[in-house]
4 protein chains.
Amino acid sequence: MIGQGFMGRAHSNAFHQVSHFFDLPFRLERKLLCGRNERELAATADTWGWAETSLDWESAVERPDIDVVDIAAPNDMHAPIAIRAAEAGKMVWCEKPLSLDAREGLRMADAARGVPNMVWYNYRRVPALAYAKQLVSEGRLGRVYHYRAAHLQQWGADTSRAGAWRFQPGVAGSGVSADLLSHVIDTALWINGPIREVCAERVTFVPERAVDDACILLARFENGSVGTLEASRFAVGCRNRSTVETHGSQGMLRFDLDAINDLEFLDATEPPEIQGLRRISVTGPNHPYADRFWRPGHALGFEHTFIAALADFLGALATGRDFHPNFDDALVVQQILDAAIRSAETGSWRAVSASGAAQ
Amino acid sequence: MIGQGFMGRAHSNAFHQVSHFFDLPFRLERKLLCGRNERELAATADTWGWAETSLDWESAVERPDIDVVDIAAPNDMHAPIAIRAAEAGKMVWCEKPLSLDAREGLRMADAARGVPNMVWYNYRRVPALAYAKQLVSEGRLGRVYHYRAAHLQQWGADTSRAGAWRFQPGVAGSGVSADLLSHVIDTALWINGPIREVCAERVTFVPERAVDDACILLARFENGSVGTLEASRFAVGCRNRSTVETHGSQGMLRFDLDAINDLEFLDATEPPEIQGLRRISVTGPNHPYADRFWRPGHALGFEHTFIAALADFLGALATGRDFHPNFDDALVVQQILDAAIRSAETGSWRAVSASGAAQ
Amino acid sequence: MIGQGFMGRAHSNAFHQVSHFFDLPFRLERKLLCGRNERELAATADTWGWAETSLDWESAVERPDIDVVDIAAPNDMHAPIAIRAAEAGKMVWCEKPLSLDAREGLRMADAARGVPNMVWYNYRRVPALAYAKQLVSEGRLGRVYHYRAAHLQQWGADTSRAGAWRFQPGVAGSGVSADLLSHVIDTALWINGPIREVCAERVTFVPERAVDDACILLARFENGSVGTLEASRFAVGCRNRSTVETHGSQGMLRFDLDAINDLEFLDATEPPEIQGLRRISVTGPNHPYADRFWRPGHALGFEHTFIAALADFLGALATGRDFHPNFDDALVVQQILDAAIRSAETGSWRAVSASGAAQ
Amino acid sequence: MIGQGFMGRAHSNAFHQVSHFFDLPFRLERKLLCGRNERELAATADTWGWAETSLDWESAVERPDIDVVDIAAPNDMHAPIAIRAAEAGKMVWCEKPLSLDAREGLRMADAARGVPNMVWYNYRRVPALAYAKQLVSEGRLGRVYHYRAAHLQQWGADTSRAGAWRFQPGVAGSGVSADLLSHVIDTALWINGPIREVCAERVTFVPERAVDDACILLARFENGSVGTLEASRFAVGCRNRSTVETHGSQGMLRFDLDAINDLEFLDATEPPEIQGLRRISVTGPNHPYADRFWRPGHALGFEHTFIAALADFLGALATGRDFHPNFDDALVVQQILDAAIRSAETGSWRAVSASGAAQ
């Protein structure tokens, strides 16, 4: 694994926990942890049980005793590492967003075509969102009219964090678009299908800042629905709120990451007097992942999304099934981000030049 | 009408509004307003269109041009006025609680047997509670196991209101029991049926105070369910919160007066994965009173409960149907309050000596 | 009053109720009710106490014994009636939206300049929204970054209502934009100040329909904030939900019409560990209109917004203060709607050609 | 560790995870897993990395290479194992409830006096409840008037689970009282202090069942407050809901396990117009355990309560501080349960014969 920050911890935790909750034919060994700061590296490796550490990712990705390269480094390192690793025949797992832009993403997707790969859009494994996806797939919403989503954080105004790499365009690509809007887009594509066109507003509230602080898209989906996709680091009052709301001819769904275990659903095919938005605790029975962790009614948290993603990847690997989201899926997110950026520059709608369909 | 305080306004408003929203064969004339303070009386009469005022209720209740006596005076005046009015052959409408105790209540119920009568337990006409009653009556809860209700206010700690008549036992009967627990009990009887036995805890937090500040009942219902019924004036944080929660073999209901237009319902006969507490906006279509006021989705408030109670009374009067809650129903509430007081004195369970079944 | 539909009832109710709750130097007489259907007219007049009825609004608006003309007729009648009434020197009260388009609205505003006038954007008198406005005015949000609002209904898909005048462009102007987005815009201007530019997406989900079923705006406000303003009749699951959400450097506000008495507020100047979105029951004490209706903790509903608007108008009239929203304010809404329509046609941002500042 | 069921997994997980999130001077080794079913034992040991397994707990608890005995076996095994282990000088960790009754609990507490010990009342380590405790300790509620708590499950009506050991009085002690009410009581003692007297209602809804399905206590606390403490397995609609609500002279707190990361707080010392129940996401900053797991805004779940309890125990062990809840604390819970049972038998209030004060 390359990277030892917040995401490095989340991945390390998943590597530990996956075998506790899932029956898998693989046993993960935590071989080698790469990073830039030797002292922190040693501490992280000690805490999380990595056998070795290294400051040199380039030789690491070619070691014959390594089967998987997991990238939890800043965004600008995704492409060089992923391409090198894929060329060395390694499986590649990459933090989101895939790349700095769609062109770079395309090179990565091309390079990775021959190896099993995954992008850590972990919110697809929130059980409540996976259940939302299931309900939509079963046709419980009917024809979809509206899709509305926002990922809202507030730390953008905190000047003490001005030096973070997420504010450097060369490292991060863009600001909140790369960081949070990418999640919003990935979830939207997964639940509501392809996006044809977008119109975007991007704002930087702090004048000297080189990346966007907020970005709002109007989106036209292929299924005829319209929506807004929003992300902000200036949504004061929201630490990490991420909402999805969608209305179809037969019902409505609502999700809020602040209540990560719940999904709200209204069934418009029932008699009108009994209709209401019901709050479903998506902790089982019969819910995604519910038989894997604890019991119905027992809350899961943030980290379980990484464990479940990893388990799904390994399960797909074992059985030869496709896994999503992979590099191709994440490339579509980059294409939409590129369209959004161009839309914001020109003040007009932009078509999404999809190279292929995300899943 | 006798009384010109807060409840006098609520009643006056109902007299004005009932014909705007309900088709009724009666036309209410606001003849005479009685009270104790001449200046306030004149002002209230002017605002609300009462033709005359009087300081003398005793001659008022015998006037031949008066058909209905409405009592919105303090609790100790309910019995003398109601009995005299009933004896004069008038219809009688009485604010809750019916009486200072069950013995007095029995005299009132006996006196009123020959005349149409009503007690203003107005919360029965909250559309969401009326719909809850309907769902229970339709068997949507199955066999009921639990009933839990509380009416919570916070003004008891406000020493500026120490002189209020509600703190004088001779005028109010008891404190929060007469004032708020009576509502809780009436709603419980109506929705969940007769109570067999109670065990009560009554508390007076302010030492010099002669009435109870809080009262909590354990209750055994005839249908085999158990419950807690609570009222407090020291529930800091709650201006006027009143909750009902009940679980049966086939579902659950929840109501909170702070969201007066909503009822929460869980249907346990559905597949478990789709079950959730649904929030129903009880503003139509097909809900109680929904075709009478505004449109589905348009909120009603506190005052509509009085208008709807009055309309139901007049509708029953026109068609010869029974109306509830009447004096007999309210008498049962008094009997349970008496049992609660005795239970609190003895520290043990007390049977409710029901003279008859409330409806 | 001209018009006898749903809004005619809401206005009639306000005329009755205003003197019950507000001390005013005026006494409203319900002189003359105009409409198109003689039988319905008679029934409405009887229910609501109108002295006369007429099918001929043109002579009505010039009667010397009439001081105020209140327009609750379909949108295409607003201009002819309002202009004629203003020219006859009458005060004019007009349902929203002001007009079919901004050009017509400008003629109306010009005509009405000499007479006291009001537009029934009643949601400004929701106590919780009035309190939101107050908190913003007091600077409790600091510099505003985001404003997000949506008015969502679901009846658009109901084919039984296809003949309604709201679906006829010649009568309604536009569809959901005229009907609901106008409310959203008025509230946004009032709470968050002028809008400089908009970019709009308008959708008609039912092919044969000539008006918009949904409209979403991206908006740039003069205060530097950005936002989305949305309205839909295809938001299945929402009978009449209207939400406002705004984030500033010092806090956050959230409102939902489904909980009409509540306002949510987060104070970001508090220590971070104690911060949370607090749910304020805006029923007093010290809240807008709280001393006028019932007591703290007692819910108000839809109709009270009309009563309070009327009271504010009459209070302003008595004291010579300005009243808002008036025709000039409502004209700005029309200008934004026009910009939205042109934006949707061209697929690009449009400046709002403000004739003046709304208040 | 002895026991391999649901709680065995929760404990095993904690043993793995504690070192990933907490800096501790101890390193836990998972030596020996005891149970009754050899095949399941082997599987559990393999999944969770236990070095050995055994069917014979009696010799296990005396092995010199074992420092800690962790008891996750059914309730009737707690006493024999704990006493033997304590006598062998081992540290003892015991699942709740401590014992079958208070007499047995007293023997256990006596035996364990010389060794560090812990009872897994894990809900004390829900960050939101730990923060509630902190606010109460800081005096943010003032004088407490009311405490109201309920732990509600629904599986009691599920006949397919009739054979579970939790329905056997000899194994479980009592039914829902031992299982869930014990949690409610422990949390109440911890947050609101000692209980002087209780009055209980216990119900068995299924006639042939030998344990209680629901139990409700009226409780008088030493601080002068009154409350209800309730537990049920027949609260249809609630998978694992556990609520706490308390009102004091200066504020109100509310918690619901269904929203495990949130605490609601109302500060009644603020101006009345701005007061409201605020929803605090207790995920940091400055919250209990917030610097240990993920970042502010990132949800924790059920399992983290065990990890945090274990970390606190080990931290206390390292520094010589007292740890709570220990056997003495859990004994007080048993004494209250005994008083409740006797109260239900006699239909009257019972004093709690506290051997000492819980903490």
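The model is predicted, so local features need pLDDT of at least 70 and side-chain atom pairs count only at pLDDT 80 or more, while totals for chains, interfaces and linings use all residues. Residues are numbered from 1 along each chain as its sequence is written, chains are lettered from A and ligands numbered from 1 in the order in which they are written, and side-chain values use heavy atoms, with hydrogens and water left out.

The pairing of chain C with chain D comes first. A rotation of 180° with 0.0 Å of shift along its axis superposes chain C on chain D, at an RMSD of 0.0 Å (least squares on the C-alpha atoms of residues with pLDDT of at least 70 in both copies). Each of the two chains brings 17 residues to the contact, and about 1,300 Å² is buried between them, 50% of it on carbon and sulfur atoms. Buried area is the accessible area (1.4 Å probe) that two parts lose on being put together, summed over both. On the chain C side, Glu273(C), Ile274(C) and Arg278(C) lose the most area to chain D, together 46% of what that side buries. Arg278(C) is also the residue of chain C that comes closest to the rotation axis, its C-alpha lying at 1.7 Å. Its counterpart in the numbering of chain D, Arg278(D), forms a salt bridge with Glu270(C), with the closest N and O atoms 2.7 Å apart.

Turning to chain A and chain C, chain A can be laid on chain C by a turn of 180° and a shift of 0.0 Å along the axis, with an RMSD of 0.0 Å. That is the relation of a two-fold axis. Ser348(A) has the C-alpha nearest the axis in chain A, 2.2 Å from it. Here too the same surface serves both copies, as 100% of the contact residues of chain A recur in chain C. The contact takes 40 residues from each of chain A and chain C. Between them these chains bury about 3,200 Å², 58% of it on carbon and sulfur atoms. In chain A, the residues losing the most area to chain C are Glu201(A), Phe205(A) and Val236(A), together 19% of what that side buries. Six salt bridges are found across the interface of chain A and chain C; in one, the side chains of Arg241(A) and Glu245(C) meet at 3.2 Å, N to O.

Key:
Contact = heavy atoms within 4.5 Å. Salt bridge = Lys/Arg side-chain N within 4 Å of Asp/Glu carboxyl O.
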